[in-house]
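Please load the model in your viewer and keep the selection panel at hand, as this tour moves from one selection to the next.

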Amino acid sequence: MKSIDEITRLSAEDLERISLDESIPVPEELSARVQAAVRKPARWVLPAGVAAAVATLVAVGLTLTQNPEPKDTFDDPYLAYAEVEKVFAKISGTVAYGAEKVSQSEQTLDKLSYWK
């Protein structure tokens with residue numbers, strides 16, 4: 001029996017010649033087993049397609065039924081500006097925290113001489 005490496009090195013003509021060699025015994029149930037193996041995944045194609053179609057319809061339905069008007073609005077522009085500043089401060093803190101962790105990681109890598 002040939003190894004996988006030997007089989008991959010064979011030319012197309014050699015593979016065809018070997019496949020036509022009738023002296024090689026082929027199990028009788030091989031054809032039925034191959035057909036059964038090929039048909040098994042086909043059972044899931046239809047339910048998967050139906051599920052994808054249902055998910056698409058649900059997504060379109062949710063998109064169409066949502067109110068395009070914003071729910072949270074401010075009548076006072078100063079309150080709105082204060083809220084924006086609060087959000088930007090939170091984003092800034094998160095970015096600073098991430099930058100600090102990156103710096104610590106770089107220092108650890110330098111100590112290990114990983115990048116050098």
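Which residue forms a salt bridge with Asp14, and how far apart are the closest N and O atoms? Select Arg17: the salt bridge (a side-chain nitrogen of Lys or Arg within 4 Å of a carboxyl oxygen of Asp or Glu) joins Asp14 to Arg17, with the closest N and O atoms 3.6 Å apart. This is a predicted model, in which local features need pLDDT of at least 70 and side-chain atom pairs count only at pLDDT 80 or more, while totals for chains, interfaces and linings use all residues. Residues are numbered from 1 along each chain as its sequence is written, and side-chain values use heavy atoms, with hydrogens and water left out.

Colour next by secondary structure: the protein chain has four helices and zero strands, where helices (H or I, at least four residues) and strands (E, at least two) are DSSP runs numbered from the N terminus. Asp14 and Arg17 both lie in helix H2 (residues 12-20), three residues apart.

Now select Glu83 and Lys86, which form a salt bridge whose closest N and O atoms are 3.5 Å apart; because they are three residues apart in helix H4, about one helical turn separates them.

Finally, select Val84, Val87, Phe88, Ile91 and Val95, a nonpolar surface patch with about 460 Å² of accessible area together. Such patches take residues with over 30% relative accessible area and no salt bridge, joining like charges within 9 Å and nonpolar side chains (Val, Leu, Ile, Met, Phe, Trp, Tyr) within 5 Å; accessible areas come from the Shrake-Rupley method with a 1.4 Å probe, and for residues only the protein chains shown count as cover. Ile91 is placed in helix H4 (residues 77-112).
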